[in-house]
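Have a look at the model first, then read on.

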Amino acid sequence: EAAPKKSGAASFKPDYDAVRKAVEDLLESNEDYDDGSYGPVLVRLAWHTSGTFDKNTNTGGSNGATMRFLPESNWGANAGLAVARDLLEPVKQKYPWISYSDLWTLAGATAIEAMGGPHIPWRPGRSDYAPQNFVALPDGRLPDGDKDAKHVRDIFYRMGFNDQEIVALCGAHTLGRCHDDRSGFVGPWTNAPTTFSNLYFVELTENKWHKKKWKGPLQYEDKSGQLMMLNTDMWLLWDKKFKPYVQQYAKDEEAFFKDFAAAFSKLLELGVPFPEGSAAASPTPNK
Ligand code: HEM
């Protein structure tokens, strides 16, 4: 007969649900911040910490949490993400056993679900590089909003994504907004920027978009002047191969949720050296 397990340090089990709960408690902790939720900026942190991956050199990705360090913390593309990193710092202090790289990706997955999105399969296993042990990545691995479909493909094919996954991932712009003091662009993509839905694709296909007349960078706006699209968002509609997915997701939110969950989960795992034989994604819901 098996002896009952002894309790103590040897049987320490990290409580990821407690971390999730701590993140959920932070989401709407400051009603004066943006649209009343830190959810969108946490999703952006998870994406930018992962989206540096290059499949050809197997460098970048969320493992290591290199955005803690210069120069990555100071890249133009990462402007504003100190808000998200600082927000999570007390969670890291309370649960010091979790790596920053697991925490940042788990926070993004948690935020998507808490804002009404699909379950994002997530598993732990990332470790943080010590400041002296990492090789700084070159700037330019994340996409620029004023560029075209070729740029978008160059960036996302480098990570290992296909056209369908690219369109699904960009549906995250249903959340949050652009800030002139971060990216130089302004405004939200939808009128419900704290709810995860397919509204971004509905707006893209059903609203009318024209160039915004202003001194700022190239962006598009609708007739009300309230909603915006980046040039890269417009190219999802203009490109013959991207467009069918945009149209599908505008009509079929269930298909979008399913494809987004798979692609976002894949994004968070790019380049992470999980132990061999461990599942590609957690089979049980995270909740
Ligand atoms: C915000 C560009 C893809 C999630 C932004 C902003 C820009 C941008 C310029 C505004 C930042 C600011 O001023 O605060 C792009 C480009 C993409 C892309 C050019 C690809 C062509 C993605 C992907 C995701 C994502 C794949 C996630 C899966 C977000 C979120 C925000 C955001 C949630 C809102 C952040 C906030 O409200 O603070 N993006 N993005 N983006 N992006 Fe993207």
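Of the 25 residues around the ligand, the ones that come nearest are Pro40, Ala172, Gly176, Arg182 and Ser183; a residue counts as near if its C-beta atom, placed from the backbone, lies within 6 Å of the molecule. Keep in mind that this is a predicted model, where local features need pLDDT of at least 70, side-chain atom pairs count only at pLDDT 80 or more, and totals for chains, interfaces and linings use all residues. Residues are numbered from 1 along each chain as its sequence is written.

**Around the ligand**
- H2, helix H6 (163–170) and strand S1 (177–178) are the elements that give two or more residues to the shell; helices (H or I, at least four residues) and strands (E, at least two) are DSSP runs, numbered from the N terminus.
- H2 gives the most, with five residues.
- By class, the shell has 14 nonpolar, seven polar and four charged residues (Ala, Val, Leu, Ile, Met, Phe, Trp, Tyr, Cys and Pro are nonpolar, Asp, Glu, Lys and Arg charged, and the others, Gly among them, polar).
- Domain 1 (15–140 + 263–269) and domain 2 (149–260) both give residues to this shell, so the ligand lies between them; the bounds come from an automatic or database domain assignment.

- The centres of domain 1 and domain 2, taken over C-alpha atoms, are 21 Å apart.
- Domain 1 puts 24 residues into the contact and domain 2 puts in 23 (C-beta atoms, placed from the backbone, within 7 Å).
- On the domain 1 side, helix H2 (39–50) and helix H10 (253–269) are the elements giving two or more residues.
- H2 has the largest share of that side, six residues.

Notes. Two residues are in contact if their C-beta atoms, placed from the backbone, lie within 7 Å.
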